[in-house]
Amino acid sequence: MTDTRSGGGSGQADDKAADRVRRMNRADRREQILDAATRAFARSGFAATGLDDVAAEAAITRVLLYRHFDSKAALYRAVLDRACERLAEQVGTDGFGDEAIPALLEAAAADPDGFRLLFRHASREPEFRDLTDALAAASVDTTRRNLAGRLPEGPWAEWAARLIPALAVEAVIAWLDTGRPDPAAAAGRIRASIHGVIAAAAGAP
């Protein structure tokens, strides 16, 4: 008798869980899968992460996962696209002034796995280099425009335009990796390093 009641309770719990799965609308389910995929890919990388790993992370079946994404590559690109969109919403795309650094830190803190995927992992995957190369080129172009009134044209201005975006991103990732120390002071410290690059490019002592 006890075993029967226990089995019935387990079956009811499974039915309730299945009901919750069925009730989630398509848009919410897609976001749930993207959240889970972001965590799984950031933890193990693209090559070492399978769709079964993502399904397990999302607590759904592989069949349900395939209803939204027909391949691992399509899922990974969707994860990167969402990370790009979130970054653009928080940081913007047209400026690289002092206000951009706090925004970059906030974006990274809000979605650290997505930030790392976008700037650390994706660039190592040839299949997705088009996205990361385009993002890097846009960042350099934006920096170049913002430096136009601060540095004379020439190779050192171009050096600074190429170095500053890379420095900013690596500084933010290092900040994440070291446990996000001194959040209130982090932007100022990163900003100081960027100003150092500008001063070096200008030939300041």
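This is a predicted model: local features need pLDDT of at least 70, side-chain atom pairs count only at pLDDT 80 or more; totals for chains, interfaces and linings use all residues.

Residues are numbered from 1 along each chain as its sequence is written, and side-chain values use heavy atoms, with hydrogens and water left out.

**Entry 1: helix 7 on helix 9.** I looked up the axes of helix 7 (residues 112-121) and helix 9 (residues 155-177): they come within 11 Å and cross at roughly 140°. Axes here are lines fitted to C-alpha atoms, for helices over the stretch in contact, with angles from 0 to 180 degrees between N-to-C directions. Angles under 35 degrees count as roughly parallel, over 145 as roughly antiparallel, 65 to 115 as roughly perpendicular and the rest as oblique. So helix 7 and helix 9 are oblique to each other.

I then listed who touches whom, contact being heavy atoms within 4.5 Å. From helix 7 I have P112, F115, R116, F119 and R120, and they meet V169, V172, I173, L176 and D177 of helix 9. By class I get seven nonpolar, no polar and three charged residues. My classes: Ala, Val, Leu, Ile, Met, Phe, Trp, Tyr, Cys and Pro are nonpolar, Asp, Glu, Lys and Arg are charged, and the others, Gly among them, are polar.

**Entry 2: helix 5 on helix 7.** Helix 5 (residues 72-91) has its axis within 9 Å of that of helix 7, crossing at roughly 105°. That makes the two roughly perpendicular, therefore. On the helix 5 side I noted Y76, V79, L80, A83, C84 and L87, and on the helix 7 side G114, F115, L117, L118, F119 and H121. The tally is ten nonpolar, two polar and no charged.

**Entry 3: the whole chain.** I count ten helices and zero strands, taken as DSSP runs (helices H or I, at least four residues; strands E, at least two) numbered from the N terminus. Buried residues are 36% of the 205; buried means under 20% relative accessible area, exposed over 50%, partly exposed in between (1.4 Å probe, protein chains only). Of the contacts with a separation of 6 or more, 67% join residues 24 or more positions apart.

**Entry 4: G196.** I found G196 in helix 10 (residues 183-202). Its relative accessibility is 36%, so G196 counts as partly exposed.
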